[in-house]
Amino acid sequence: MKITKQLKIYKKRKRRAKQKTESTLATINKLRCLLTRRDKVILVFLFAATVVSSIIEILSVGIIMPLITFANNPNLILTNPYSKKIYEFLGFNDTLEFMVAFCWSLVAFYIFRTTYGIFHTYCLSRFSARKLHFFTYKLFQRSIELNYLDFIKLKSDKIRSNITNEASKTSMYVRSLLQLFTEVFTMVVIYLLLLIANWMITLALTIILGIQVYLVMNVLGNKLKRRGAIESQTNANFNEIITKTFGNFKMIKLKGNQKEVCKEFTEVSNELTKTRIIMSTILPIPRHLLETVGFVILVICIWYILAIYKDFEKVLPIISMYALALYKILPAVSRILDAYNQMASTSSAVSLVYEALRHEPNYEANQKCDFKEKIELQNISFWYDENKPILKNVNLTINKGDKIAFCGESGIGKSTLVDIIIGIYKPQYGKILVDSQEINSDNLRSWRKKIGYIPQTIYLFDGSVAENVAFGSVLDEGRVKEACRKANILEFLDEHNGIHTRVGEGGILLSGGQKQRIGIARAIYDNPEILVLDEATSALDSATEEKIMDEIYDVAHNKTLLVIAHRLNTIERCERKVEFTKGYDGSIIATTSNHIRPN
């Protein structure tokens with residue numbers, strides 16, 4: 001595909017991402033569906049702890065006013081009914097003694113406030129971090145439990161992005177929602193206290209801050225939602241470019257098209273950079289606005305109170321209260337807007353995670369399934385598109401120990417039929433019987449465990465030979481060595497670092513024949529009853545292929561062997577041949593015959 005066409009597709013995706021924003025309530029509802037019952041119980045306790053935290057914050061503001069008042073005029077201690085009762089109940093001798101005790105009580109209270117605040121923050125952080133683990137694990141688990149047909153329709157980079165990026169953003173959304181609730185509750189209670197103190201000033205304060213919050217939430221919030229959706233899509237495209245570039249590194253070198261590849265990377269990277277610049281610029285705007293507006297409001301409050309009361313000593317407590325209240329409210333409003341904007345920018349991630357986890361995986365169990373006699377395929381039909389059938393009414397019997405070759409032109413359905421036999425695909429019609437027991441969702445996993453699969457391309461990750469051979473199973477060094485010995489690779493390994501020899505990313509440190517032998521060792525590691533070769537030697541030269549096929553036939557002498565191949569020398573030891581040809585209606589006909597070995 002040409003670079004210009006790829007960019008057009010990318011821009012089309014970007015426009016589509018802009019249209020996928022949704023309301024905050026809809027996003028919260030999706031998040032609710034993602035939480036377990038235990039999560040919801042924990043949230044109730046967290047909200048209760050948040051209420052306590054807010055009350056403590058309110059007391060930390062409200063308690064300053066009497067301190068300033070009594071410090072300014074100690075005689076008020078004895079005239080105020082509440083302070084007088086405390087004074088008499090605790091038996092103070094004079095107002096100075098009362099003030100000393102009051103000050104130390106405040107010190108103790110603020111120490112408790114700090115301790116509780118740290119504990120509350122820890123609880124919130126712990127919950128959001130555990131939800132990150134939960135979302136990541138569920139996405140990973142759901143991905144590996146996809147049926148193969150659904151998996152091949154998805155992009156691996158999209159799956160990877162959901163697990164690594166979108167799960168993290170969803171956890172951030174949870175944290176921002178909790179932060180939003182905390183700050184809103186605190187601000188509301190402080191606001192009620194200010195209404196009691198002076199409703200006119202508080203009302204004016206409400207109007208000014210309300211207008212600002214409305215503008216920020218509607219203008220900046222919507223912009224952040226759109227940018228968040230674009231960032232999610234761009235991140236997926238970014239990962240896709242990196243994957244396909246390094247996956248085709250040799251081809252890029254041969255074609256010498258580094259310039260075109262870099263151009264594509266630059267386009268997407270610039271868009272991602274642009275989005276991050278915009279989001280990083282927008283997020284702190286509410287804080288800067290609030291700092292300016294807060295200072296102006298404080299000056300106006302002082303001017304208004306002085307204009308009414310004319311006496312600075314009388315209005316000092318009220319001014320102090322509003323100053324402290326604004327000291328608490330303005331950062332709270334700023335944090336509310338920050339949390340809301342953070343939620344807006346990560347809302348698309350919640351939707352992506354919700355969509356990925358919405359569907360339950362197909363049920364598959366591990367009921368016992370024995371294979372002692374034969375496999376029967378009865379009227380098997382399969383298609384990717386209902387109007388274009390791949391297989392139609394295929395019947396086949398495979399006896400235990402058979403060596404069967406599947407032949408036919410490329411793309412005709414050989415691999416598809418074998419994938420149905422080994423339980424990778426499920427036929428739309430027909431059934432598979434093993435010793436007269438139907439293979440279905442109840443015993444599918446047990447059936448698959450009997451299969452050893454050797455594909456055309458062996459994927460090796462950058463680890464040791466032992467880790468690659470035992471991949472997906474418990475590593476037993478003795479079994480690894482035995483599998484490598486049977487695959488005729490152990491002698492080569494002993495010349496290096498044994499089964500702990502590093503293979504490199506994609507097996508780049510090994511030859512094609514060595515990779516294929518490790519693939520054989522991996523296939524026989526769990527001692528399967530059936531070995532499947534899917535064009536396993538087609539990429540090798542004739543001499544290497546002949547050696548490897550000799551080794552495969554040796555390890556499969558007491559096993560059932562299914563071979564998909566083009567070359568006659570690959571299937572010359574097979575006892576039967578299944579020939580695939582196209583029928584008059586375009587469907588595939590499988591014809592079984594005994595294979596005559598050459599003399």
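Biologist: Which residues form one aromatic cluster here?

Modeller: A pair of aromatic rings is described by the distance of the centres and the angle of the planes. In this predicted model, one cluster is made up of Tyr-87, Phe-92, Phe-98 and Phe-102.

Biologist: And how many aromatic pairs does the structure hold?

Modeller: There are 14 aromatic pairs. Take Trp-383 and Tyr-429: their ring centres are 5.8 Å apart and the planes meet at 55°, so you'd call that pair tilted.

Biologist: Where do Trp-383 and Tyr-429 lie?

Modeller: Trp-383 belongs to strand E1 (residues 374-385) and Tyr-429 to strand E4 (residues 429-434), so the pair ties together parts that are 46 residues apart in sequence.

Biologist: Is Trp-383 buried or exposed? And what about Tyr-429, buried or exposed?

Modeller: Trp-383 is buried, at 16% relative accessible area, whereas Tyr-429 counts as exposed, with 55% relative accessibility.

Biologist: What about charges over rings? Which ring does Lys-400 lie over?

Modeller: Lys-400 lies over the face of Phe-371, 4.5 Å from the ring centre. Likewise, Arg-479 has its charged end over the ring of Tyr-525, at 4.1 Å from the centre.

Biologist: On to strands. How do I read the two faces of E3?

Modeller: In a regular strand the side chains alternate between the two faces of the sheet. For E3, Lys-403, Ala-405 and Cys-407 are on one side, with Ile-404 and Phe-406 on the other, and all are buried. That's five of five residues in the strand, which spans residues 403-407.

Biologist: Which strands do bridges join to E3?

Modeller: Four bridges join E3 to E8 (residues 560-564), running parallel, and Ala-405 stands opposite Val-563 there. Four bridges also join E3 to E9 (residues 576-582), again parallel, with Ile-404 opposite Arg-576.

Biologist: Last one, helix H7. What span does H7 reach?

Modeller: H7 (residues 95-144) has 50 residues and reaches 73 Å from first C-alpha to last, close to the 74 Å expected at 1.5 Å a residue. Its N-terminal end is capped by Asp-94, with a side-chain oxygen 3.2 Å from the backbone nitrogen of Leu-96.

Definitions and conventions. Residues are numbered from 1 along each chain as its sequence is written. This is a predicted model: local features need pLDDT of at least 70, side-chain atom pairs count only at pLDDT 80 or more; totals for chains, interfaces and linings use all residues. Side-chain values use heavy atoms; hydrogens and water are left out. The expected span of a helix is 1.5 Å times one less than its number of residues. A polar contact is a pair of N or O atoms within 3.5 Å; within protein, one must be able to donate a hydrogen and the other to accept it, and residues adjacent in sequence count only if both atoms are side-chain atoms. Rings of Phe, Tyr and Trp (its six-membered ring) pair if their centres lie within 6.5 Å; planes under 30 degrees apart count as stacked, over 60 as edge-to-face and the rest as tilted. Buried means under 20% relative accessible area, exposed over 50%, partly exposed in between (1.4 Å probe, protein chains only). A charge sits over a ring if NZ of Lys or CZ of Arg is within 6 Å of the ring centre and within 35 degrees of the ring normal. Two strands pair if DSSP finds at least two bridges between them.
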